[in-house]
Amino acid sequence: SYSLEENIKPRVQWLNEMGMNDSQLAKSIVMFPQLMGSVSFEKNMKPKVQWLKELGMDAAQVATMIVKHPQIMGYSLEENMKPKVKLLREYAFTDEQIVRALSSFP
């Protein structure tokens with residue numbers, strides 16, 4: 001749901017804390033409105049950002065990636081992102097190279 005108090009405000013605050021300014025946030029929402037409601041915050045967005053950080057991204061890189069490609073927040077971590085990273089590792093990509101690739105085009 002798109003409840004202001006339950007969904008939108010906490011997401012905006014969380015994204016601001018990651019380093020997104022209001023202009024970047026507005027751009028992301030226009031490109032992917034689901035960012036504010038239909039994508040699960042606790043089950044999708046937070047675990048995905050945590051995984052990206054564990055992979056080697058810092059908060060600024062994650063924020064930049066969301067601004068450029070906000071739809072990444074709707075991708076399945078288990079069915080989309082992790083298998084792709086696993087495949088890249090099988091082809092001898094380092095985590096640093098994977099982070100650069102994800103930062104450029106998830």
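Which elements cover the buried residues of α4? The cover includes α1, α2, α3 (41–55) and α6, where buried means under 20% relative accessible area, exposed over 50% and partly exposed in between (1.4 Å probe, protein chains only). Helix names here come from DSSP runs (H or I, at least four residues, for helices; E, at least two, for strands), numbered from the N terminus. This is a predicted model, so local features need pLDDT of at least 70 and side-chain atom pairs count only at pLDDT 80 or more, while totals for chains, interfaces and linings use all residues. Residues are numbered from 1 along each chain as its sequence is written, and side-chain values use heavy atoms, with hydrogens and water left out.

- Let's start with α4, where Val-62, Ala-63, Met-65, Ile-66 and Val-67 are buried.
- At the start of α4, Asp-58 has a side-chain oxygen that gets to within 3.1 Å of the backbone nitrogen of Ala-60. Polar contacts are pairs of N or O atoms within 3.5 Å; within protein, one must be able to donate a hydrogen and the other to accept it, and residues adjacent in sequence count only if both atoms are side-chain atoms.
- Now bring in α2: the axes of α2 (residues 22–31) and α4 (residues 59–68) come within 8 Å and cross at roughly 45 degrees.
- On the α2 side, the contact is made by Gln-24, Lys-27, Ser-28 and Met-31, and on the α4 side by Ile-66, Val-67 and Lys-68.
- Sorted by class, this contact of α2 with α4 has 3 nonpolar, 2 polar and 2 charged residues.
- A few terms to keep handy: axes are lines fitted to C-alpha atoms, for helices over the stretch in contact, and angles run from 0 to 180 degrees between N-to-C directions.
- Contact means heavy atoms within 4.5 Å. For the classes, Ala, Val, Leu, Ile, Met, Phe, Trp, Tyr, Cys and Pro count as nonpolar, Asp, Glu, Lys and Arg as charged, and the others, Gly among them, as polar.

**Lys-68 and Ser-103**

- Lys-68 sits in helix α4 and is partly exposed, because its relative accessible area is 45%.
- Setting aside neighbours within four places in sequence, Lys-68 is in contact with Met-31 and Ser-103.
- Ser-103 belongs to helix α6 and counts as buried because its relative accessible area is 17%.
- Again leaving out neighbours within four places in sequence, Ser-103 is in contact with Met-57, Gln-61 and Lys-68.
- A polar atom of the Ser-103 side chain is 2.8 Å from the backbone oxygen of Val-99.

**The aromatic pair**

- How many aromatic pairs does a search of the whole structure find? The search finds 1.
- Trp-14 and Phe-41 form that pair, which is edge-to-face, with 5.1 Å centre to centre and 90 degrees between the planes. Rings of Phe, Tyr and Trp (its six-membered ring) pair if their centres lie within 6.5 Å; planes under 30 degrees apart count as stacked, over 60 as edge-to-face and the rest as tilted.
- The pair links distant parts of the chain, since Trp-14 is in helix α1 and Phe-41 is in helix α3, 27 residues apart.
- Both Trp-14 and Phe-41 are buried.

**Asn-44 in α3**

- Asn-44 is part of helix α3, and at 18% relative accessible area it is buried.
- Not counting residues up to four places away in sequence, Asn-44 touches Val-39, Met-73, Gly-74 and Tyr-75.

- Ala-92 is in the loop between α5 (77–90) and α6 (95–104), and is exposed because its relative accessible area is 60%.
- The phi of Ala-92 is near 70 degrees, a positive value in a residue other than glycine. Most residues other than glycine have a negative phi.
- Ser-23 is in helix α2 and is exposed, with a relative accessible area of 57%.
- Ser-3 lies in the segment before α1 (4–17), and counts as partly exposed at 23% relative accessibility.
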